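Please look through the sequence and the model shown here before reading on. The paragraphs that follow take up a helix, a strand with its partners, and some aromatic rings.

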Amino acid sequence: MAAPPMPDILPYPTGTDQSVSDDNPPPPPAFPIPFPSIRSVRTGAWIVNYTPVGSTLVAYDGTIRVEAITGGRRASGDLYQRPTLRIPFPVPTTILLPPPNPANGIPIQPIKQYRYYLRVTKILESITFGKSFDLGLQMFLFTPTSNGSGTWSPAPAAAVNCTATMTWIPAPAGYQSSGDYLEGQLKQDGTNTILGYLKMGWVSKYLRKATVEIDTVAGSEQPLESGKGHNWQTVGDSMGYDLKIRLSERNVPELSGDSWSDAEMNTAMLAHREAINLNYEWYYHILAVHNIDSTPRGIMYDAFATDSNHIPREGLGISTHWIIDPSWGTVGGVRFGLAKAPHFRTAVHELGHALGLYHNTVDLGFMNTSDVIAGAGTPALPFPDNIKWAFADNDLKRLRHYPDIFIRPGGVPFGEASDTTPLITPDDRALLLDMPELKLEVVPLLTEVPLGAPVRVQLKLTNTSDVEVTIPGRIDLKSSSVHGVVTDASGTARSFKSIIGCVDEEPLKQLAPNETVTSSLTLLRGGDGALFPMSGVSDISVTLRWGLPSAGEVGEQPLAIVIGSATVFITGASNSSHAKAAHQVLTSPDAHLVLALGATHLTDGTEAVEAALANDVLRKHWNAIKAKSLATSGKKEDSRKLLEGKHECVMSDAEEKKLNRLLK
């Protein structure tokens, strides 16, 4: 998905030493009054209304975010289409509803109404004695797609430059500041064609606002502060967010013991979260539990296969009863919930994932992982004293100036905000490094697979050089390093990626010369739907991409990349019963959760798997998934019976190892 470019740092005027913000006003005049009024564009959030020419029933509302930074100002914005209302009597009439009420502060608008990202290319940098300034814009239209990722137009290289001469006038009723309100005509550069009319009024010192609810099971601590002066208020202020914390349930019942699966946490969020409407509130949910199946510390589970209500990036989980590694500085051997600093830091880290951020190794800040920070501790500055209690500068830019649709819960799926082409701006660009010394082989377990069956492939990563090479600690679908594309016989490409890529760990390891590591992928579904929905040859391309260790706190973060591919032949339906079972599997998204996580509480997915097991053609391809589900739920004897005797079973090496562990 091509994403709009982020706003650049706007050039600072020659001869001016500093930008002007609310906390840094211009010096008083050195000569007597009368003196012309001094004006500047106030930092914070401004409500913006845009009415294009040519229609009385089309208007857009949103915000423009303005921050003062060293070297200039940075600004961006978003527009949502204003709803209309059809009145059937006495004469059928359609009316345009009113804009957001500025008295309510930063507006939150229905996500389905999202239309444009505004890239500000010109703005008043410091002060003026005049009554107006030129505001330069590029507008990028967002069009939703079936997988939620969406597309942007025009391409950044074809962006249309527009300028509005914005004039200060007294604000209408409802605005907090009468002197911070402007209006102007928006014109296309070069042609001087009038495109529409802009209005903008200041409403908040913050750039965005959100709410975080925290629930816990009995005996789990709430992640509220670091014990070192950092809390949710300081975190929100550093982001430029009006961040509200809502402390709710303290006794969420455990579903299947003190260790929680990602699917169980998602289910608990939906059952116990306060009643909300994501169209009118950016709302995130933290659930503190004793232990988590998929990771020792924390996870933003509400992504990919674990997102049972198909609304991305709402929820995250954090453990409290993990015993910290003895080597981790001054907190080694301590129960995690009692170690305030790393416990709170992990909660902030997972919220960063919910806001669309990936891991960032550029410093020891929030989006690096706890294991890396702990490993960087020294006798003079041990973990957790070495934690940098801040987001990296490039992540702050994303949090403040990414399009709303990248940040807000229910927007684009996790990974689509930061894994985009073209890359956002030069100062955010990661340095992609091809790794010619690494060879990635993709080997299908079966070269011919019937329609409706999962496709299993083995990955072999070999170091062909004579020196050690840094690689991901794991190369399966529980690692954020794994991405891929399946191209079917018609030429349609469908992507897949990690099902669990939002955890507070991203281990790396060294691969010795001539050493090979192997893993397996079981593929069925991705963000674009079923990966193998038709018969014929399908090409499977797998990409491994991971961050290499980086020194310093600014600059480019090096990313290593290696690619491998293979083909499989999907055979068509052999009879009507096979066609019916395959159809049910391919059209039931929750079948993927049953395959990946054993999420048997999802009725549609479980019924689709049972339909496959009842079919003579598909049964052997799904037996291992059923056996894993039975073993996970404690029915080990039933699982063993399914794997023994007359039941033929297709499974990868990884599936076999997992079943052996479960059945011990």
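A residue is called buried if its relative accessible area is under 20%, exposed if it is over 50%, and partly exposed in between, with a 1.4 Å probe and protein chains only. Helices (H or I, at least four residues) and strands (E, at least two) are DSSP runs, numbered from the N terminus. This is a predicted model, in which local features need pLDDT of at least 70 and side-chain atom pairs count only at pLDDT 80 or more, while totals for chains, interfaces and linings use all residues. Residues are numbered from 1 along each chain as its sequence is written, and side-chain values use heavy atoms, with hydrogens and water left out.

With these terms in hand, helix α10 (residues 619-632) can be described as mostly covered, since 10 of its 14 residues are buried; among them are His621, Trp622, Asn623 and Lys628. The expected span of a helix is 1.5 Å times one less than its number of residues, and for α10 this gives 20 Å, which agrees with the 20 Å between its end C-alpha atoms. After α10 comes Gly634, whose phi is positive, near 95°.

Strand β18 (residues 315-319) is also mostly covered, with 5 of its 5 residues buried. Gly315, Gly317 and Ser319 lie on one side and Leu316 and Ile318 on the other, and both faces are covered. Two strands pair if DSSP finds at least two bridges between them. Strand β15 (residues 283-289) runs parallel to β18 and is joined to it by 5 bridges, with Leu287 opposite Gly317. Strand β17 (residues 298-299) runs antiparallel to β18, joined by 2 bridges, and there Ile299 has Gly317 as its bridge partner.

Turning to the aromatic rings, those of Phe, Tyr and Trp (its six-membered ring) pair if their centres lie within 6.5 Å, and planes under 30 degrees apart count as stacked, over 60 as edge-to-face and the rest as tilted. The structure holds 19 aromatic pairs. In one of these, the ring centres of Trp152 and Phe406 are 5.9 Å apart and the planes stand at 90°, so the pair is edge-to-face. Because Trp152 lies in strand β8 (residues 151-153) and Phe406 in helix α6 (residues 404-407), this pair ties together parts that are 254 residues apart in sequence. Trp152 counts as buried at 9% relative accessibility, and Phe406 is buried at 1%. Both belong to one aromatic cluster, which also includes Tyr80, Tyr114, Tyr117, Phe142 and Tyr402.
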